[in-house]
Amino acid sequence: MPTLQIEKSRGEDGQEQIEIVEESPTTPWGADASLSVVGRPIPRLEGAEKVTGRARYSYDIRLPAQLYARVLRSPHAHARIVRIDTSRAEALPGVRAVLSVDNAPPIQWYEDSALFDHTLRFVGDEVAAVAAESEEIADDALRLIAVEYEVLPFVVGLDAAQRPDAPKLREQGNESSKEEYSRGDVAAGFGAADVVVAHTCTTQTALHNALEPHGCTATWEGDGLTLWSSTQSVFTVREQVAGAVGLQASRVRVIKQHMGGGFGAKQIAWKHDVIASLLSRAAGRPVQLMLDRVAENLAAGNRNATVQRIRIGARRDGTLTAIEAEIHLETGAYQTGGEAADVQGMYQSLYRCPNVGTVQTGWYTNLGPTVAFRGPGYVEAAFALEQAMDELARRLGLDPVALRLKNYAPTDQSKEQPYTMPDALRACYERATAAFGWDSYQRPPATGTTRRGVGMAAHNWMGGSGKPPGYAWVKLNADGSADVVTGTQDIGTGTRTGLAQIAAEELGLPIERITLLLGDTATGPYSPASSGSATQATIGPAIQSAAIEVRRQLLEVAATILEVAADDLAVRDGQIYIRGVAEAATTVAEVAGEIAPHMLLGQGARGANPGDKAIRAFGAQCAEIEVDTATGELTVLRVVSADDCGRIINP
């Protein structure tokens, strides 16, 4: 069972804070562990449901008397609502509820705005919403809403936002945030450099476009609310929606069984979750609000555009003396509260360098809100930083891999802590270059306008470490099967299967005897958002701990029945063995049935990450491309990637 420690301390601001540390008994599996379920190829547990169409996604929810919602969106990049008339929409047969700035609760949203606001700051901003008997009636109702807009000056693009005469999107101006970091003496570092490389990289806005758009179905039942939401975090949606509609979190239930992708954009509650909830309360019926593809591209988040100005200094032998990065990123009209893009983090940590200075500035523009998108910030930084390293290698006449190894960082210099895997990136370099044949590569001679070349790049990422707390329960049934219960969500990445494998391994049961229950805040214990590749690392140890507790109880019961010591017993494939004896002495089902209706229960919690070490994920990639210099056409011939899990991808 987990142990709980509560400690009081005072933060740097002098305020008292409480720190809670939970630990559960786990036995980490070493690389040489003999495992029978984990690491084996196993069909997805939900595979049959998906390929037969039985898997229910948010769009598939159909409740009795369900209504369908549509949202009227701003046609202007920046405008103020002077007047809105929804009377004709309300009078349309089949319309059951209408919300706008005139009658919606004043729910604060996106920093300084409201759920429905008089000021609209991007094309697609929410103006009004209707719930009707059918999608077609809802569409018709939107066309009956009359809105008078005062069109305001707008700003699109980082350059435009920074101009002195740019329209101000906030009273204080267009700068939305600023973060600065420095270590050492950057000016002295450049003074000591034999070579300095400077360049500017830009990355564009990118849209998530998962196969399943954002959306939900909401229904009020008495004084409680249930949401079937396409989300990467059922508990985050519960907390944020509860706060918005004025309910206790315990009165909001969020369910998510299957999801068609999210890529980071579905970690938070969005306006549609609250709008559907308010429409359901107003109409007294369930309401489904799924975004169409236009709304998905306008109002459901995007990856920040960036401009990165970089300088790198080095001695002739390749030793880095200074790194400087001036980073500008486009915030869009609003900061969502979703995971912010940390572009500067990689500059501070990927390479060993004593003198580093970074400035990251966010800028408001009249575009939809930005939100996490597949390694937010680190993708953009890798694109720019690795180009600068390649240019430096050319200037110094060094092999790009040799330059990177020369400046290898076994510690996180921004935290002044060693990595938990200090040689992980070095191993990625070795595996990727070996599989690619980097050292023996011979560039073929140019033919006509065709040129061929190779390149390599590395990355690190703050994900993959687990995000405690996270909890799980395991219960052994009378028939020898086990139920594993957790509040996490499967966002399509195989979470069900991976977590069930952990439970089966520790319980000594075939995976067919494991039932994994997840995706429901009402029935499962707390789990954080599925983001940053953290779900397995967070909930896996919690399940392992709970399964270890159940196995301990099981073997103690079996030991009493068999009149042997519990330490002399082992369990595998549903059979309980006396060590040293080939034939099974009994089965899990027989022992569980013997004590029924009593049950064996286990609870597990994910312990804290180490406080004295830094956790990062790493990878390296080699590529060969061909370019037609006459047409600019680029062909990727082959790519080889290596990650810190020991995998070689696309050899």
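Guide: The model is a predicted one. The count of aromatic pairs comes to eight. One of these pairs joins tyrosine 419 and phenylalanine 618, whose ring centres are 5.2 Å apart. Because planes over 60 degrees apart count as edge-to-face, the angle of 85° between these two rings places the pair in that class. Tyrosine 419 belongs to the loop between strand S23 (417–418) and helix H12 (424–436), whereas phenylalanine 618 belongs to strand S32 (residues 617–628), so the contact ties together parts that are 199 residues apart in sequence. Tyrosine 419 and phenylalanine 618 are both buried.

Elsewhere, Trp109, Tyr110, Phe122 and Tyr334 make up one aromatic cluster. Rings also meet charged groups. The charged end of arginine 311 sits over the ring of phenylalanine 190, at 3.9 Å from its centre. In a second case, the ring of phenylalanine 436 has the charged end of arginine 638 over it, 3.8 Å from the ring centre.

As to the second largest pocket, its space is about 550 Å³. The lining consists of 25 residues, and those nearest the centre are Glu505, Glu506, Arg551, Ala570 and Val571. Helix H13 (495–507), helix H14 (535–562) and strand S28 (569–572) each contribute at least two residues to this lining. By class, the lining residues of the second largest pocket are 12 nonpolar, nine charged and four polar.

Key. Residues numbered from 1 in each chain as written. Predicted model: local features only at pLDDT ≥ 70, side-chain atom pairs only at ≥ 80, totals over all residues. Heavy atoms only, no water. 1 Å grid on protein atoms, 1.4 Å probe; cavity = no way out; pocket = protein on both sides within 12 Å on 5 of 7 lines; lining within 4 Å. Points joined across faces, edges and corners; volume = space filled by probe spheres on them. Helix = DSSP H or I, 4+ residues; strand = E, 2+ residues; numbered from the N terminus. Nonpolar A, V, L, I, M, F, W, Y, C, P; charged D, E, K, R; others polar. Phe/Tyr/Trp six-rings, centres within 6.5 Å; stacked < 30°, edge-to-face > 60°. Buried < 20%, exposed > 50% of the residue type's maximum accessible area, 1.4 Å probe, protein only. Lys NZ or Arg CZ within 6 Å of the ring centre and 35° of its normal.
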